[in-house]
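I opened this notebook to record what I looked up in one structure and what I found. The entries follow the order in which I worked.

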Amino acid sequence: MLEPESGLSSQPIPSNGGPKIGVYVCHCGLNIAGKVDVAAVVEFASTLPNVAVARDYKFMCSDPGQELIEKDLREGLINRVVVASCSPLMHEATFRRATAEGGQSPFYFQMASIREHVSWVTADGDDATAKAKALVAGAVRRVALHEYLEPRKAEVRSDVMVVGAGIAGIHAALTMADAGKHVYLVERESTIGGHMAKFDKTFPTLDCAACILTPKMSAVRSHPNITLWTYSDVMGVEGFTGDFTVRVRHRPRYVKEDLCTGCLECIERCIHKQGKFEDEWNEGLSKRKPIYIPFPQATPAVVVVDPETCIWFKTGKCPQTCIEACERDAFDFEQTETFDEVKVGALILSTGFKTFDASKMPEYGYGLYPNVYTSLEVERLLNAAGPTSGEVVLRDGSKPKVVGIIHCVGSRDAKHNLWCSKVCCMYSLKLAHMVKERTGAEVYNFYIDMRTPGKGYEEFYDKILKEGVHMVRGRVAGVTDEAASPEEEGHLVIRAEDTLIGSVRRIPVDMAILAVGLEPQPDHQDVRRLFNISCGGEGWFTERHPKLAPVSTFTDGVFLAGTCQGPKDIPDTVAQAGAAAAEVLAMVDRGFVMLEANTAHIDDEACSGCKTCVGLCPFSAISFDEERKKASVNEVVCKGCGVCVAACPSGAAQQHLFTDAEIFSEIEGVLAYV
Amino acid sequence: MSVTRYTYYPGCSAEGVGRAFTESLYAVFEHLGAGLNELEDWNCCGATAWPSVDQDQAFALAARNLALAEDRAPGAGPVDVVASCAGCYRALLKAEEALGVPGSSAAKLGGALAAIGLDYEGRARSRHAVDIMVNEIGLDRIREAVVRPLTGMKVASYYGCQLVRPSARFDDQQDPTSMDRLVEAIGAEPVDWPLKTRCCGGSCYCGGPVIGVMPDATMQLSYALLREAAKRGAEVVATSCPLCHFNLEGFQDRMARRFGHPVDVPVAFVTQLVGLALGIDEKRLGLHRLLHWRLPERTAAAERERVAAEGGIHARA
Amino acid sequence: MSEQGPEGTFEPRIVAFFCNWCTYTAADLAGISRMQYAPNVRVIRLMCSGRVDPQFVLAAFRDGADGVLIGGCHPGDCHYQEGNYNALRRFELLKRMLVGFGIEEERVRLEWISASEGDRVQKVCNEMTEQVRALGPLRLETVQSVDEGRVAPAPAGEPVGQVTA
Amino acid sequence: MTPWVCASCYACTVECPKRIPITEIMHALRRISLREKTYPRRFTTPVMTREFVNMIHDHGRSTESWISMKLYLRTNPALLVKNAGIAGRLFRQGRLGVKRASIHGREELRTLLEAVSS
């Protein structure tokens with residue numbers, strides 16, 4: 001139908017008259033113009049069919065750039081727009097808005113990515129120019145066929161959900177609850193607080209973690225706008241931005257949450273006189289009973305019964321002294337899983353991290369030598385509410401005289417994790433300071449590079465240096481109990497090259513602390529699939545744009561906060577949680593979201609009633625009218641993948657913005673000229 | 001028991017200063033129903049010296065052996081080229097890897113082999129004797145064949161460097177266990193120690209035990225190993241490389257003088273220990289060639305008791 | 001049907017259909033990371049690899065492409081749950097059909113490339129370009145004669161643009 | 001000097017968090033220093049390396065007694081006396097042969113080495 005060199009004459013266009021296309025080629029400073037001959041592309045574009053105007057501009061996304069488009073539209077020079085610039089994922093929305101401002105449907109617009117797909121990836125300038133021309137030709141060909149479409153709006157529910165109640169989730173939940181939104185806060189552990197609740201002090205201010213966190217934890221508990229679900233998991237998410245249906249499972253803790261007062265009498269009276277089972281909260285450094293509370297300020301302050309270790313559950317024979325001890329009659333050994341289904345407008349994921357498993361590096365002897373600790377274990381030792389009430393002691397109870405802290409364990413290592421975990425340098429300095437303060441020990445820090453960017457961080461490093469902590473620059477080769485001299489006898493020996501003095505050192509220590517790095521949660525793939533977002537190869541959730549959309553995801557309505565997106569410290573985590581909350585509030589308060597127009601629809605006349613499409617639709621958006629023998633698409637439910645369109649044998653199914661004709665034209669366009 | 005025959009690549013050192021390794025290997029394999037055919041007209045693997053002069057030539061030297069092995073074993077199946085010396089094993093393995101990656105190096109090597117009428121099809125694989133014993137013959141078969149368990153013998157297995165480095169084909173790189181499992185299978189007690197893969201300094205010799213290339217540096221390294229093994233109660237150090245073996249065994253007198261501390265630790269090839277447990281004649285195992293060898297007292301006592309008990313049964317019968 | 005490079009060498013033209021969520025985003029990432037690769041691939045963005053109608057591939061060949069590349073999310077990762085599985089099934093059928101037409105199956109390729117695999121876009125585009133370069137230009141005239149005109153390689157009923165090569 | 005002290009034990013290669021093939025680099029540095037003739041002349045390892053390579057080149061295998069002898073003569077003849085004791089013990093135990101080992105395909109080996117270098 002379209003003849004490449006036939007000018008403006010051909011094509012009957014459904015709505016706004018014959019296509020008069022404006023092509024705008026962006027220089028993007030030198031990002032595009034440095035490689036692509038922009039003038040040649042403009043010249044080429046002006047020869048393409050239906051093109052009425054072809055221009056170039058330094059920055060098309062700037063106000064004057066957009067104004068160029070709007071003006072040409074308003075003056076009636078053009079009625080369709082092609083912008084050749086960056087990726088549509090970057091600025092499609094911007095230029096659609098400009099097209100709408102110019103008085104046309106925003107969908108009379110097509111973008112050609114000549115930056116990400118051309119100038120940035122092509123070595124040769126001529127090649128780049130040729131490829132840019134091809135992509136522009138494809139866009140021009142297809143935009144001529146674009147139809148008039150109305151933007152779709154969808155209502156946004158005002159309730160929201162936050163998944164994961166570490167400091168990120170807590171902060172985001174409180175911010176949104178304070179703004180008057182109802183927040184469902186879901187946490188899989190029996191208490192909120194996350195990793196931060198395990199720490200004693202925080203860098204660089206050395207303020208007490210509990211003092212700044214626990215008030216926020218109790219605020220969550222008492223906030224009228226927050227529904228707190230601990231010991232709970234998100235099982236399913238359906239719907240789309242503005243209207244998600246989330247299914248949540250509550251695991252039984254065998255204690256009624258509303259009745260338990262947290263008096264802890266039951267723990268005292270448990271048939272087990274002593275703790276016997278590994279206390280996960282204390283990293284296994286202490287023992288707990290089958291009935292326990294992770295730590296005194298746990299929120300909610302409700303005990304948990306562990307059926308794996310409880311005698312009643314294992315044998316059915318136990319005097320159940322715990323029940324006797326409870327004045328509120330809060331026990332319910334018959335409890336089972338329960339489920340809730342709630343509807344929310346937006347979701348924030350703040351599912352956090354796990355620490356690197358140090359036993360993966362046997363050269364550091366974790367698990368082999370008792371006095372090799374992970375940093376998280378030492379955090380617990382330092383914590384006044386921890387297993388030793390804040391005493392830093394070795395396994396035999398004695399105080400260490402020399403302590404070595406090994407940085408970058410599992411981080412910056414091609415064999416394990418390539419990334420820098422960002423917080424280890426600083427927390428290692430903190431640990432050095434605290435260990436020295438509590439024990440008077442000589443402390444050696446072994447580092448590859450010291451990374452202390454952040455407010456007050458370098459100053460903190462200076463302070464620690466002045467305190468006399470030894471800093472050895474060199475990656476540790478190993479920790480061993482092999483003594484090469486009488487002084488080493490009975491000690492652990494840390495072997496490292498001190499690259500500043502240019503020799504290998506063997507430093508005998510009593511305690512080695514491995515500064516383990518941050519890793520994605522082990523179930524990141526499941527969570528990612530559940531919420532239909534993506535993650536990088538390493539497992540951190542992917543933000544929509546690393547700079548300009550750092551808390552959004554590629555799934556509208558799902559936002560990220562904290563370390564599930566990448567390693568970060570507490571200040572950054574809280575800042576990001578605030579940002580995510582603000583994004584959600586902006587969306588909820590506006591009350592509606594604009595939806596992509598790319599839904600499918602079925603041409604009644606062409607439909608042969610074969611039902612191929614019905615079974616293919618993963619969202620059950622297609623129904624079949626048995627009487628008329630015709631299929632039809634519910635465009636509210638349709639998500640616009642186009643699978644049904646590709647499968648329809650009679651061409652009756654079509655997808656807005658991706659009609660067969662549009663795609664065929666684009667194919668022709670990218671091949672026809674260059 | 002079916003007899004699997006392997007191509008044996010002794011290498012220069014296991015024919016010379018470490019010839020007890022070859023002797024005991026033959027005896028043990030034969031006893032376990034696995035035959036060894038010495039690769040005819042094998043040449044030096046190139047060791048660590050040749051790569052210091054010319055990398056491609058080093059690969060070519062090793063590649064000739066692999067190609068010869070294929071040539072001598074017609075058919076389509078894989079050909080396991082078993083080395084005793086860990087250094088040879090590593091050199092052959094590196095050549096195998098270089099030949100396996102398409103590229104200029106593999107093409108060059110292919111061309112050079114063609115010049116002498118050979119080609120490498122990819123069938124020949126470098127294997128180490130320990131790998132074969134543990135993973136092919138199997139610990140169960142060895143356990144069954146033990147007639148003279150080395151009861152009470154505390155053995156520190158010394159893997160050395162090149163058995164698991166740079167590639168670890170059959171064991172963990174940081175914490176290998178093959179030899180320890182072997183030691184356990186013959187009734188001895190493995191001693192866990194942190195230096196099992198620490199360098200002995202042996203390959204400072206560049207491809208053949210030569211007395212005193214860098215005497216002091218080497219001696220410090222090997223002394224640390226012996227001292228640590230002894231400290232952890234090891235009565236015997238088991239090795240799987242003629243260079244390690246010589247290095248640990250050959251200088252104990254000098255170490256004692258240098259470090260002012262008596263050093264007297266029997267160092268044996270792991271195959272010799274296996275052979276002992278299988279009841280093979282000590283002479284066939286080359287035990288008489290060792291400079292420091294003695295059966296630990298507890299093991300000897302257990303042996304006497306066992307013999308007496310067996311004698312008793314005979315007497316009753 | 002194909003471009004000639006400056007020295008008269010054959011420069012293949014490849015049309016790529018990338019899904020919006022994974023592979024197109026990965027291509028953006030390759031750009032952001034300034035990964036240089038062969039300029040022969042022209043990407044057409046679709047929302048999902050499941051939208052790739054086999055006719056698109058045939059149309060691309062008819063319109064002068066020497067190769068066609070399809071990129072989607074990894075199995076299990078489809079933004080629309082299972083569109084990529086549909087793509088895979090169609091792709092297998094399509095390959096058989098192409099072979100029937102006498103078009104080498106090496107001219108088409110389906111790749112799962114996630115949003116984080118910019119390096120993979122670079123690698124696949126380079127490989128595909130070299131692979132198609134090695135095959136040489138696609139000559140549809142020959143293809144049709146081989147097929148004795150029983151099946152037309154161009155989809156029936158769709159606009160057939162006059163191709164200027 | 002450092003590359004000549006390297007024992008090629010590959011510990012560094014295996015440990016390197018950036019996967020740098022340090023041992024290979026040591027070998028490469030040795031090759032360069034031999035080519036540029038900047039190696040330490042009286043130091044044992046380079047001398048040893050050359051003697052070893054020459055011996056393999058000529059005979060296809062190495063003979064420990066011969067190579068030790070050559071090394072002592074080239075670097076420190078005093079070692080000849082110092083090590084006589086241990087050498088004697090090894091000799092008596094049949095571990096130190098004096099017969100030079102040699103392969104049949106010596107000609108073939110030289111062809112191979114030339115072919116790969118050309």
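Entry 1. I began with a term: domain bounds here come from an automatic or database domain assignment. The model is predicted, so I noted that local features need pLDDT of at least 70 and side-chain atom pairs count only at pLDDT 80 or more, while totals for chains, interfaces and linings use all residues. Residues are numbered from 1 along each chain as its sequence is written, and chains are lettered from A and ligands numbered from 1 in the order in which they are written.

For chain B the assignment gives domain 1 (4–128) and domain 2 (147–305). I looked up the separation of their C-alpha centres and found 25 Å. I then looked up contacts, where two residues are in contact if their C-beta atoms, placed from the backbone, lie within 7 Å. By this rule, 25 residues of domain 1 of chain B meet 28 residues of domain 2 of chain B.

Which elements give two or more residues to the side of domain 1 of chain B that touches domain 2 of chain B? They are helix H1 (19–31) and helix H3 (86–100) of chain B. H1(B) gives the most, with nine residues. For reference, helices (H or I, at least four residues) and strands (E, at least two) are DSSP runs, numbered from the N terminus.

I also sorted this side of domain 1 by class. Ala, Val, Leu, Ile, Met, Phe, Trp, Tyr, Cys and Pro count as nonpolar, Asp, Glu, Lys and Arg as charged, and the others, Gly among them, as polar. The side of domain 1 of chain B that touches domain 2 of chain B has 14 nonpolar, seven polar and four charged residues.

Between chain A and chain B, six residues of chain A are in contact with six residues of chain B. The chain A side divides into two nonpolar, one polar and three charged residues.

Two pairs do not touch. The nearest C-alpha atoms of chain B and chain C are 16 Å apart, and the closest C-alpha atoms of chain C and chain D lie 19 Å apart.

**Entry 2. A sheet in chain A.** I traced an open sheet of four parallel strands in chain A, in the order E2-E1-E3-E4. Two strands pair if DSSP finds at least two bridges between them. Strand E2 (51–57) and strand E4 (109–113) of chain A each have a single partner strand, so one side of each has no neighbour in the sheet. From one strand to the next, the twist averages 15°.

Helix H1 (residues 38–46) of chain A packs on the sheet, touching strand E1 (21–26), E2 and E3, and its direction makes about 170° with that of E2(A). Axes are lines fitted to C-alpha atoms, for helices over the stretch in contact, and angles run from 0 to 180 degrees between N-to-C directions.

I then examined one pair: strand E3 (residues 80–85) of chain A and E4(A) are joined in the parallel sense over five bridges. In this pair of strands, A:Val81 stands opposite A:Phe109 in E4(A). H3(A) lies across E3 and E4 of chain A, at about 150° to E4(A).

Entry 3. Chain C has five helices and six strands, which run β-β-β-α-β-α-β-α-β-α-α from the N terminus. A residue is buried if 20 or more other C-beta atoms lie within 10 Å of its own, exposed if 12 or fewer, and partly exposed in between, with C-beta atoms placed from the backbone. Of the 165 residues in chain C, 55% are buried.

How many of the ten residues of helix H1 (residues 23–32) of chain C are buried? I found nine, among them C:Tyr24, C:Asp28 and C:Leu29. Their cover includes helix H3 (88–101) and helix H4 (115–119) of chain A, and from chain C itself strand E3 (14–19), strand E4 (41–46), strand E5 (67–72) and helix H4 (118–135). After H1(C) comes C:Arg34, with a positive phi near 55°.

**Entry 4. One arginine in chain A.** I located A:Arg412 in the loop between strand E21 (402–409) and helix H12 (424–439) of chain A. Why does A:Arg412 count as buried? A:Arg412 counts as buried because 21 C-beta neighbours lie inside 10 Å. Not counting residues up to four places away in sequence, A:Arg412 touches A:Leu418, A:Cys420, A:Ile448 and D:Pro17.
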